[in-house]
Amino acid sequence: MFEILFRGKDQYTGEWVFGNYSGADFADGTPSQHFILERKGDRKAHSVVPETVGQYIGLRDKNLAMAFDGDVTE
């Protein structure tokens, strides 16, 4: 079994953040805010760009980096 983990690019700093995901779109299709909630450290909530959100798929690439849904690999 693998860890349930999400990542997304912080809307303000442009840095990748990892943790739990929270957010959704409204029923009429209007986008709401999307957040990644850190699990360690300060446990901050980061507002992220919705298109960058991906879930860890339990695999690693040839460089042993975690692979996330939506990643492009060779």
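Leaving aside its neighbours within four places in sequence, which residues is His46 in contact with? Taking contact to mean heavy atoms within 4.5 Å, the partners of His46 are Asp10, Val17, His34, Phe35, Ile36 and Glu38. The structure is a predicted model, in which local features need pLDDT of at least 70 and side-chain atom pairs count only at pLDDT 80 or more, while totals for chains, interfaces and linings use all residues. Residues are numbered from 1 along each chain as its sequence is written, and side-chain values use heavy atoms, with hydrogens and water left out.

His46 is found in strand β4 (residues 45-47); strands (E, at least two residues) and helices (H or I, at least four) are DSSP runs, numbered from the N terminus. With a relative accessible area of 13%, His46 is buried, a label that means under 20%, with exposed meaning over 50% and partly exposed in between (1.4 Å probe, protein chains only). Two of the partners also meet His46 through polar contacts, that is, pairs of N or O atoms within 3.5 Å; within protein, one atom must be able to donate a hydrogen and the other to accept it, and residues adjacent in sequence count only if both atoms are side-chain atoms. The side chain of His46 reaches that of Asp10 at 2.9 Å and that of Glu38 at 2.7 Å.

We turn next to the rings. Rings of Phe, Tyr and Trp (its six-membered ring) pair if their centres lie within 6.5 Å; planes under 30 degrees apart count as stacked, over 60 as edge-to-face and the rest as tilted. By this rule there are three aromatic pairs. In one of them, Phe6 and Tyr21 are tilted, at 5.7 Å centre to centre and 40 degrees between the planes. Phe6 belongs to strand β1 (residues 6-9) and Tyr21 to strand β2 (residues 16-25), so this pair ties together parts that are 15 residues apart in sequence. Phe6 is buried at 19% relative accessible area, whereas Tyr21 is partly exposed at 28%. Tyr56 and Phe68 are also tilted, because their ring centres are 5.8 Å apart and their planes stand at 55 degrees.

Lys9 stands opposite Trp16 in β2. The hairpin of β1 and β2 has six residues between the strands, and Gly14 there takes a positive phi near 80 degrees.

Methods
Two strands pair if DSSP finds at least two bridges between them.
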